[in-house]
Amino acid sequence: MGDPLPMVSSSTGAMNSLLHKLTALEAEHPQLAEGVRERLKTLNHALHRFARRRARDALTNEWMLQVREVGYDMEDWVDGCLIGPSMPDTHLWCSDVSEQIEEFEAQIQDADERSTRYGLPISTEPTSAQDDDGETAGNVADVDPDLLHGEAPCRLVAIREPMNVLVSHLTDAEQRRKVVCILGAGGVGKTSLATEVYRQLQLQGRFSCGAFVHLGRNPSVKTTLISILKQVMPDWHYEKDLWSGYNYDDMGAWDEKNVVAKLWAFLKTKSYFVVLDDVWSIRTWKVISCALPNNDKTADRILITTCKKDVKESCCIHPTDAVYQMEGLGNKNSKILFDSKIPSSKKHSQLEGSDEMLKMCGGMPLAITITAGLLLRKSACLPLDQYHSEQQGMRKILEISYDDLTLPVKSCFLYLSAFPENYTIKKDRLIRRWIAERFIPKKNEESLWEIGESYFNELISRRLIQPAFDDDDDHPTGCTIHDDVFDFIESLSSEENFVTAGAKLKSGLFPCDSVRRVCLDCDEDDEGDTLFSSTYCTLEQNSRDSSDDEQNSSSDKDEATSLHLSQVRSLAFYGDVRRIPDLSIFKFVRVLDLTDGKGLENEQLESIGRLSLLRYLGLGGTKVTKVPQQIMKLDHLSTLDLRQTKVKKLPESEGSKLVSLLANGLTIPRGIGGMESLEELSTVCLRGNALFHEDMIGLVHRLRGLRMLGVKFSNITEEEEEGLKYFLDELGSSNLQFLFLDEYPHHLLGLLLDVWTHVRSGYLQKFELRMDWLHFFRYPERVPQTISFLEDLTHLQILCLASGISLASFRSVAPSTVGVLQQLQLWKPASETKYLRTPTNPC
């Protein structure tokens with residue numbers, strides 16, 4: 001059944017994990033059993049009890065923070081003792097176990113005494129697993145399906161009048177550049193209004209080109225300008241004179257001045273309409289303004305949204321410029337918006353507390369939307385008077401909604417601050433990192449993935465995150481976070497020292513506590529980056545000095561090193577990865593995400609092989625070409641992401657505990673049959689050889705937990721048909737939920753049809769088949785009609801290679817789709833087929 005509690009959480013830190021590990025260490029050091037475990041259990045029970053309180057005072061929060069830090073430090077020490085020589089320098093920690101235990105006992109005693117001084121009662125009664133894992137909050141799997149397929153389009157409330165005013169300003173007869181600014185508080189609907197205005201004017205075709213970009217608090221100005229350039233010039237390849245001496249495909253290598261010059265050169269003869277959404281900085285505006293020419297003979301227009309009055313004053317300096325002050329909704333429109341967010345099945349039910357909550361929203365559309373999600377999902381009637389936040393509106397609504405989450409979901413929600421602001425977070429990547437961080441408790445027969453997916457759906461249903469979709473799926477493939485919600489998450493994470501804001505490290509505002517999790521973005525060459533880089537270089541140098549001279553005292557270390565950055569557990573890095581020092585410094589890192597990092601070289605991977613606690617390694621989108629043997633030998637590594645890299649072969653991986661192995665056309669690793677924990681394998685390249693029989697067939701046969709498999713076929717001959725048949729048989733009888741067959745040999749399509757007539761997976765939900773596109777037109781009747789008998793199938797894609805045309809690509813099998821398939825002779829529907837409605841875009 002597994003442990004019903006998460007091993008790590010924002011509320012209790014690493015206490016559960018620590019108590020679990022003490023068992024292994026006590027066998028070697030029995031003195032640990034003399035009272036330490038029981039006293040830690042008492043503190044842990046208190047943490048859980050206080051964490052469930054809807055309102056806590058500052059003293060309680062401070063006490064909980066101090067106890068969590070003790071737990072983190074103790075687990076780091078235990079890890080050092082257990083792993084020993086495989087972690088450089090950590091074996092020194094165990095040179096005097098008795099002395100270290102006495103120090104921790106003193107810290108535990110100090111925590112007891114502080115609880116007495118603070119007036120915090122500590123009970124020795126354990127908390128129930130039901131309370132801690134959050135079963136009291138209802139069934140997280142019970143989510144409105146409309147939210148997971150995109151809500152039906154709804155009428156934007158009270159938007160017609162302000163839209164008409166803005167359109168009038170933007171389409172007047174003024175023959176020069178004009179700036180129009182929408183000013184309003186966060187969550188009032190500025191972006192929705194600007195989006196609708198942009199859509200209307202694009203449809204009218206008044207401008208020769210246009211762009212819509214979102215900036216936020218800490219934007220990359222160069223990236224923003226590049227985005228504008230690509231939007232205003234979609235047919236860039238016809239502008240040959242403009243690109244003389246430049247490589248359009250490598251814009252990221254340009255400096256900011258080059259981007260400004262090229263954008264200005266293109267727009268100087270055009271009439272353009274550019275929307276700059278959520279501008280926070282005057283400097284950002286001035287740089288972008290320099291790239292947008294002021295033509296005397298064209299009616300150029302710029303629409304800006306901001307919550308900063310000084311930005312508004314800097315943008316609108318000419319008499320012809322205009323400012324629209326956006327206010328909250330009135331009572332009537334607030335009720336209309338609230339009702340539009342309630343599913344039709346709940347329209348007639350009485351949502352207790354809705355009137356009082358709506359008053360609290362203060363007419364803010366974002367607050368109203370989150371309130372609707374809260375009242376639909378809340379576990380019980382919330383005693384609103386317990387909330388001690390003085391301000392009304394957005395902050396208070398977020399506090400109430402957050403407090404109604406279960407403890408594990410709270411951790412997963414706060415962890416969103418471990419990604420950059422204004423970032424589209426991929427769902428699969430997020431859930432894998434949740435699992436690696438050990439935020440998700442194991443319950444009943446559900447897999448960790450299923451529980452993590454239910455948590456993701458829970459946050460969507462509460463409207464705390466916004467679902468993101470792509471062209472291949474009408475289920476959410478990711479999420480975005482509204483700026484106000486992100487600010488709330490970041491503030492709570494900072495208070496609990498759960499995730500440290502990378503911007504603080506860059507600016508020099510270093511936290512007092514040890515950094516446990518951090519997201520670092522060094523994409524811009526500014527002073528903050530210089531300080532950040534020097535800080536980590538200092539850390540690297542101090543680490544080397546310590547290894548050369550074990551007698552160096554802590555007083556000799558640089559102030560940056562005193563921040564205990566080497567104890568970071570989760571490190572995500574965006575930008576120029578070459579700024580990272582020797583990665584082996586981060587001995588206790590569990591999650592290392594270098595996805596899309598620039599400049600990562602193979603040599604930097606060598607040090608990763610010494611990170612013995614590593615569970616998640618993201619290298620996708622980097623230029624690495626090979627993976628060192630040491631990485632494949634890491635005992636705890638469960639996720640290795642090599643997608644969009646040139647890695648085509650892995651070293652021998654016998655005994656690997658990988659759960660997710662993600663790549664593009666990876667040669668079957670030797671010993672893959674021994675990866676007994678694999679749940680995700682995509683994609684591997686199958687060729688007609690012995691490994692094809694011995695490893696892949698055996699792997700699918702043994703691993704009943706394998707839920708995703710991607711296979712790329714290469715050089716499969718008709719003579720090897722028998723081996724392919726056995727492989728397809730195993731696929732048909734497996735528990736796979738997602739199957740991707742790439743470059744499937746068309747001359748063996750009949751074999752696939754024969755197998756599917758008598759062996760059909762009862763679990764398959766997504767099936768993607770890619771073949772030679774000419775074959776479809778020559779033999780359309782041979783496409784597997786029996787696919788229709790896969791009763792749980794919700795996604796099917798049949799892609800024509802070479803042309804890129806998708807003959808049958810649909811995200812949900814709907815009645816309208818069946819008609820198209822029947823015309824192409826690709827589908828014969830079964831009476832039992834489960835149809836889903838066609839996808840729609842969210843509001």
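## Helix α4 and what follows

Helices here are DSSP runs of H or I with at least four residues, strands are E runs of at least two, and both are numbered from the N terminus. The model is a predicted one: local features need pLDDT of at least 70, side-chain atom pairs count only at pLDDT 80 or more, and totals for chains, interfaces and linings use all residues. Residues are numbered from 1 along each chain as its sequence is written, and side-chain values use heavy atoms, with hydrogens and water left out.

Helix α4 itself covers residues 97–117, 21 residues in total, and runs 30 Å from its first C-alpha to its last. That is close to the 30 Å expected at 1.5 Å a residue, where the expected span is 1.5 Å times one less than the number of residues.

Which residues of α4 are buried? They are V97, Q100, I101, F104, I108, A111, R114 and S115. These cover an arc of only 140 degrees around the axis, so they sit on the same side of α4; the arc is taken from the directions from the helix axis to the C-beta atoms. On the other side, E99, E102, T116 and R117 are exposed. Buried means under 20% relative accessible area, exposed means over 50%, and partly exposed is in between (1.4 Å probe, protein chains only).

## Two buried arginines

R114, in helix α4, counts as buried because its relative accessible area is 9%. Its side chain and that of Q66 are joined by a polar contact of 2.2 Å. A polar contact is a pair of N or O atoms within 3.5 Å; within protein, one must be able to donate a hydrogen and the other to accept it, and residues adjacent in sequence count only if both atoms are side-chain atoms. Leaving aside residues up to four places away in sequence, R114 touches W63 and Q66, contact being heavy atoms within 4.5 Å.

R516 is in the loop between α21 (502–507) and β10 (517–522), and is buried with a relative accessible area of 0%. Its side chain makes a polar contact with that of D73 (3.0 Å).

## The nonpolar cores

The largest nonpolar core has 85 residues, and V197, F273, L303, F413, Y415 and W434 have the most contacts inside it. Helix α15 (residues 365–377) gives the most to this core, with eight residues. Apart from it lies another core of 71 residues, among them V624, L634, L699 and I716. A nonpolar core is a set of buried Ala, Val, Leu, Ile, Met, Phe, Trp, Tyr and Cys residues joined through side-chain atoms within 4.5 Å.
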